[in-house]
Amino acid sequence: MSRGWRVLANSVVFFLLLAFILLVFLYRFLTESLTPMDGALHFSAVDKPVHVYRDSVGVPHIFAESEADLFRAAGYVIAQDRLWQMDFFRRLACGKLSEVLGSKAVELDKFARVIGFARIARDIEAKLSPQSSAVLQAYADGINAFIAQNGSTLPIEFALLGYEPEPWQVSDSIAFTRFMAWKLSFSWYVDLTLHELVRKFGAKKAAEVFPDFPGTGPFILSQDDSLLPSISTFVQAGMGMLDLLGSRGGRLGSNSWVVSGDRTSSGKPLLANDPHLELMTPSLWYEMHLSGGEIDAAGVSLPGVPGVVIGHNQRIAWGLTNGMVDDVDFYLERISPDSLARYWDGREWQDFKVVEEEIEVKDGPTVLLQVKSTGNGPVVSDLHPVVGDSGRVVSMRWVGQTPSDELSANLGIMQAQNWQDFVTALRDFKVPAQNFLFASDAGDIGYHLAGSVPVRHKATGILPHAGWKRQGRWLSEVPFDRLPNALNPKNGYLATANNKIVDDHYPYYISNLWEPPSRAERIHRLLGAGESFSVQDFKEMQLNVQSALAQEIMQVIHQTAAHKLDDPASRDWVSLFKLMREWDGTESPESVAPAIFHAFFVAATENTLKDEMGEELFNIYIRTGNVPFRVMVTLLSGSDSVWFDDISTAAVESKEDIVLRSLTDAGNILQKLVGDNISDWRWGKVHTLTMKHPLGRHESLAFLLNLGPYSVGGSTGTINSAEYRLAHPFDVVVGPSTRQIFDLSQPERSLSIITSGQSGQRMSEHYSDQTDDWLSGNYHTVHTNRELLAETAANHLTLVPQK
């Protein structure tokens, strides 16, 4: 061998050896934070031994003798799997991201400080019930015990960002729950967008792009000047927080339905629930079984918050969907001409309440923020620098600013034995307002809206109010006993899909932010058509991808395009139309028709609205949750509207013109995405899901932390939802974050699946071991029988009191 070849061979060997050493180092670096799941562990926080059995997918079943030890152990166990995610969530809520992410997170922190999640949490902490306070403290003690014992082997994210977690506080759990409540509120950005539309186009024309929910249901129950400059930074910062979580302005909905034993094969009620939230990694949910004291409940919880949010005990099961309540209002406040520190309350000049906030910034100077508040709430327009000399500011009132004790409600639900216990517990639940579904082994099924629904003086919450006037002020909330509810309906089932709750005879205003009725219509159709339901039927329903929304719009396309098939000018879209003509609205990943339909819908939305709204307002508008979808269904299903005219052309376009243009544009969109071969335009090829880690947005970490891309079917209009943003088609951002099915004939088991896995640690076997099953529609069984768990557990950890 020549000298040159020897040098080359030695170099190859050297680099291979170096790569091997680096891989070994990386493996050890990633795995050293995986703490023991078996054996006995001395644990200073517990009074008596606690047993933690983990099943084959890592779901912990915690058995303790007291509730205090139960929640201490729960805090420890969830910290084993999700410590960095919990720390990220609390930093997001408390406005402390800049401490670890640097200056790029300052605007997000300002937003959190202005809303005041941390201040609200501290206020709530001081007013908690003794039981809630004790549970939160026990949970925090468990988390802190884990941090103390494992400070040198923390998850990789802490090393990547160069920091260590601070001790967990009771207020951290509360702040995160308040942040989640705000995230499920839609009116904080819808109201402001509508105001701008009314200002620009007048109330009549604006009403066409903010229509009311169809008066026919289905119902859950059978019965001045532009504000845009002054609130644009506020809105964009709020959207930035959603982007960081993965929803990127997507619609956050849910499905839940329950059927009485008279209509099931087992003779006992069945209940299903699948909340549609951000599809991220780690999963938003953490599966857990808690057994100790008076509690024996299993289901899903939020990392950083004690208790089971959706689940069951030995006697009842419960699910929930967002109530879509209009729980935010904005107020234009008049500033004194003599002092920027004072505002007019309608009777006299008042001093703003002022809180000084300091935002620590990694590798940068501390940012000082002055948060001002009026009697209506914090001033949100101060996030924008142009407001100082305008003579006015915009304040915001939100139900979440009023202290309440949702943990008390949750503890009561977990212990409830019947409908009466369940309803009693719901009285403490205020925010975010939720549709609760209920089933019991006694055969009862029920529904109750729970939460604070504002009662305003001679107004709804649709548009901003004058802060100095009585009209629009909050007088009280709808009394709990007057909130919509039902027990054992005659038809034998109840269903919620974020649709309108009651008809217009209900005496109180709840909202106009309802989801389009397509999911609810499909659920009602399936439940109404069946005589007897099984668990398998519920599985198939949760996986259903037939879109009532697509069926409705396809009728419009047929009526508009059918008579144009022989027109020589129609050749660009005729082939696309023919591919969709016999389509039944089933949005399977293998089908080409749904790809064409959704490309058409995106194009039709832009072709109808963007010319008049303009770039900035249109981009804000298409992020207003469900509104653009509802609007386009209404406009396309109706007669000609002035919105169809393209004001950039000399002609006056009709609905037919926009439909035909959008069909052609649909082909162009798919050509750019996939290519010229129409057979490649499969829905699952363009409609893909990547579950992103908060740090996986950096290309260098994406391969390590993210999951996907995966081909998925469905869309925003299907029961098995897979929502994309109109601004970024067709990347899926929101969908069934968990699927749960409860059979009350088998109280010691349930069916469950989450999107990724129980662990947030990349090298854990449970980081993504549920993803394939979630994608293919499979579930795992969660058993709660202690004897069975002791025999079959994959891991058994005993937390032993430290002497």
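**Exercise 1. Describe the largest cavity of this predicted model: its volume, its lining and the residues closest to its centre.**

Step 1. Start with the volume. The largest cavity holds about 640 Å³ of space.

Step 2. Turn to the lining. It counts 37 residues, and T177, L302, V309, F429 and P432 are the closest to the centre.

Step 3. Sort the lining by class. It has 23 nonpolar, 11 polar and three charged residues.

Step 4. Find the elements. Those that give two or more residues are α8 (170-183), β5 (270-278), β9 (316-322), α12 and β17 (434-440). Helix α8 gives the most, with six residues.

**Exercise 2. How do the axes of α6 and α12 cross, and which residues meet?**

Step 1. Locate the helices. Helix α6 spans residues 130-149, and helix α12 spans residues 406-415.

Step 2. Take the axes. They come within 9 Å and cross at roughly 90°. Therefore α6 is roughly perpendicular to α12, as angles of 65 to 115 degrees count as roughly perpendicular.

Step 3. List the contact. From α6 come Q131, S132, V135 and L136; from α12 come L407, S408, L411 and Q415.

Step 4. Class these residues. The contact has four nonpolar, four polar and no charged residues.

**Exercise 3. Work out the order of the open three-stranded sheet and the pairing of β10 with β16.**

Step 1. Write the order. It is β16-β10-β20, with mixed pairing.

Step 2. Strands β16 (392-398) and β20 (465-466) each pair on one side only.

Step 3. Look at one pair. Strand β10 (residues 328-334) and β16 are antiparallel over seven bridges.

Step 4. Pick out a facing pair. V328 stands opposite W398 in β16.

Note on methods: Residues are numbered from 1 along each chain as its sequence is written. This is a predicted model: local features need pLDDT of at least 70, side-chain atom pairs count only at pLDDT 80 or more; totals for chains, interfaces and linings use all residues. Side-chain values use heavy atoms; hydrogens and water are left out. Axes are lines fitted to C-alpha atoms, for helices over the stretch in contact, and angles run from 0 to 180 degrees between N-to-C directions. Helices (H or I, at least four residues) and strands (E, at least two) are DSSP runs, numbered from the N terminus. Angles under 35 degrees count as roughly parallel, over 145 as roughly antiparallel, 65 to 115 as roughly perpendicular and the rest as oblique. Contact means heavy atoms within 4.5 Å. Ala, Val, Leu, Ile, Met, Phe, Trp, Tyr, Cys and Pro count as nonpolar, Asp, Glu, Lys and Arg as charged, and the others, Gly among them, as polar. Two strands pair if DSSP finds at least two bridges between them. On a 1 Å grid over the protein atoms alone, a cavity is a set of points where a 1.4 Å probe fits but cannot get out, and a pocket is an open set with protein on both sides within 12 Å along at least five of seven lines; lining residues have an atom within 4 Å of a point. Grid points are joined across faces, edges and corners, and a volume is the space filled by probe spheres set on the points.
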